Amino acid sequence: MEVCVATCNRADYSKLAPIMFGIKSHPDDFELEVVVLGSHLIDDYGNTFRMIEQDDFDIGSKLHTIVRGEDEAAMVESVGLALVKLPDVLQRLHPDILVVHGDRFDALALATAAALMNIRILHVEGGEVSGTIDDSIRHAISKLAHYHACCTRMAEQHLIAMCEDHARILLAGCPSYDKLLLTHQRGDYLDIIKSWLGDNVQEGNYIVALQHPVTTDIQHSIKIYGLMLDALLSFDKKTLILFPNIDAGSKEMVRVMRRKGIEQHPNFRAVKHIPFEQFIQLVCHAGCMIGNSSCGVREAGAFGTPVINLGTRQTGRETGENVLHVRDADSHNKIFHALELQFGKRYPCSKIYGDGNAVPRILKFLQSIDLDEPLQKTFCFPPVKDSISQDIDHILETQSALAIDLGGTNLRVAIICMKGSVVKKYVQPNPRTFEDRMSLILRMCRDAMKDAVCLNCRILGVGVSTGGRVNPQAGVVLHSTNLIQEWSSVDLRTPISDALHLPVWVDNDGNCAALAERKFGHGKGVENFVTVITGTGIGGGIIHHNELVHGSTFCAAELGHIVVSLEGPECSCGGHGCIEAYSSGMALQREAKKLHDEDLLKVEGVDMKLSEPITAAHLISAARMGNSKADAILNKAATALGAGIINILHIVNPTLVILSGVLASFYQAPVQRIISERALFSTKGTKVVTSDLEEPALLGAASMVLDYTTRRIY
């Protein structure tokens, strides 16, 4: 297959180069032709065609297509000039496939020429939304293209909504991630930093700035550029600033930079171009990145680098939590304050735009193209279905999460898909020490990620469910339960995220049970409900207005420690009269042992075959067989639980109570009865149901990942 890759500028080459290397490494399957045009060939923009030659690619054609002027008319004239020159080149090369990237006006000329000359087009990174004229150009190229390699789930949805044939859409991820995820931890990064910024600059103590003009509002974007420079001057940190791209308005931005003396200022280094491998090192280790480049909302997220996105150029982009938007950047103070907030922070790495395996998918996709099938595009006009994946072997289409449940006895890891199915589960005894426990977690996760590839699953992130009090914003276990020793003030997020290059979420097991019900269980579509776990202890979670309630110190929904008697039995928390002291599995086991020790657990005329250890199950069995003392204990336990749940009803007024855990089926009927007898009239009708979920902790951990990675509006 003859594949022609056309590159127009330094930015698109960083995305196309990994594909070009992949094609070149398969000489038996592909023949590569390279066409260079646009700003690659302009001295003011660094003559970046030379880096293509340095990468040992033979450039088949160089087309000077840029009409100088850097205004709107010059952009239109450049498209026209490209359309005049491209037919000769395409006719001579006559490739089977033309690979075009992105949303530049040069790429629109390429796609137009190829479509009119009956050459098949593969469009890379279509379907995305940024919020400028680039959107119109990008979507126009998508309509001309025959095949699509997109980066995100949302981009895939957009292409389907644009009536593109789903069979011709590949959800690949961003090709540049293949390179940056492999190379961003190079050992010579300090040498790279010093070569661009000087010997005295340390890792994390400098800023990378890259701002481009917005062609639909040039004057406003020039104003923002000036305000950004003023804020950087005031912030007084070493700054590496790149020249803007060739769009209309770029010359005026350069004039603003020169009027402010940026090129001569000791804190600034202004450059036209940096090789991509070095640029990603500089972004990775920066204290902050600022501007409106797509690199800030895409590549920088893979490193957790703090980013300040100025203006509207990237308004529609999907972003990780590392991006702070200053869309109305109309003052120096706003931008300066954003720098104060972001500089020096580190965020979990985000893989919204790729997992490092885009190029193998794209090569396999190219190999699957039948060159004998009709060239004419067909458009699909069905309603967009809930499930937008298609089961074809070159798409890793099962979006999944790694879920971790840290129990007192066992450590469990599972691959869980978007529909809540447990694809594969791993169970190991929980080690006693912190170091052994973390080592086992990482080993089990790595094994699961390897298996995920064979199981056709793409892992979006990691969710952790653990006992104790958790700060989910920081991913830190503040105080653990007695069942898990050495597990307090522990940062779980950072080591797991750093090791797996995935975003990580952590929460309390009771909250996870509520999240599981919200996504997969009885709570789906219910705005206000409470989940109560009835197991070894008593816990739960509260969903209020569709959001999980954490509380000011992350201590909300400690439902087991609602006091129902001032002089009740002692609880594990040190207090007296808590629900957990009456109704938990441990409390029932304690009462069962007392009866057994007094030889009162037997039932007259019935051989119960009692054996050690005595558990709550023996107490329930004795009560069902007519043991009055066992029955009285269970009635008291059910009454205590019912009274506690009535307190919950009177405080948060949910529409539904979901009982989860091993004792849920036993407690459901008596709790419903106690509510109908003792609750206020307005809450008597609250329904109590038993959970149908077999793995609420794992499903809740997975739901944190699956909900976040599919919802990008904050």
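**Stop one: D509**

Select D509 and show what surrounds it: setting aside neighbours within four places in sequence, D509 is in contact (heavy atoms within 4.5 Å) with S465, T466, G467 and I533. Before moving on, bear in mind that this is a predicted model, where local features need pLDDT of at least 70, side-chain atom pairs count only at pLDDT 80 or more, and totals for chains, interfaces and linings use all residues. Numbering runs from 1 along each chain as its sequence is written, and side-chain values use heavy atoms, with hydrogens and water left out.

D509 sits in helix α17 (residues 509-520); helices here are DSSP runs of H or I with at least four residues, strands are E runs of at least two, and both are numbered from the N terminus. An unreviewed UniProt entry annotates D509 as "active site", though such annotations may be inferred rather than shown by experiment. Its relative accessible area is 31%, so D509 is partly exposed (buried is under 20%, exposed over 50%, partly exposed in between, with a 1.4 Å probe and protein chains only).

**Stop two: R120**

Now jump to R120 in strand β5 (residues 120-124). Show side chains and you'll find R120 and Y147 joined by a polar contact of 3.4 Å (N or O atoms within 3.5 Å, one able to donate a hydrogen and the other to accept it; residues adjacent in sequence count only if both atoms are side-chain atoms).

**Last stop: E125**

Select E125, in the loop between β5 and α5 (133-144). Its phi is near 70 degrees, a positive value in a residue other than glycine. With 5% relative accessibility, E125 counts as buried.
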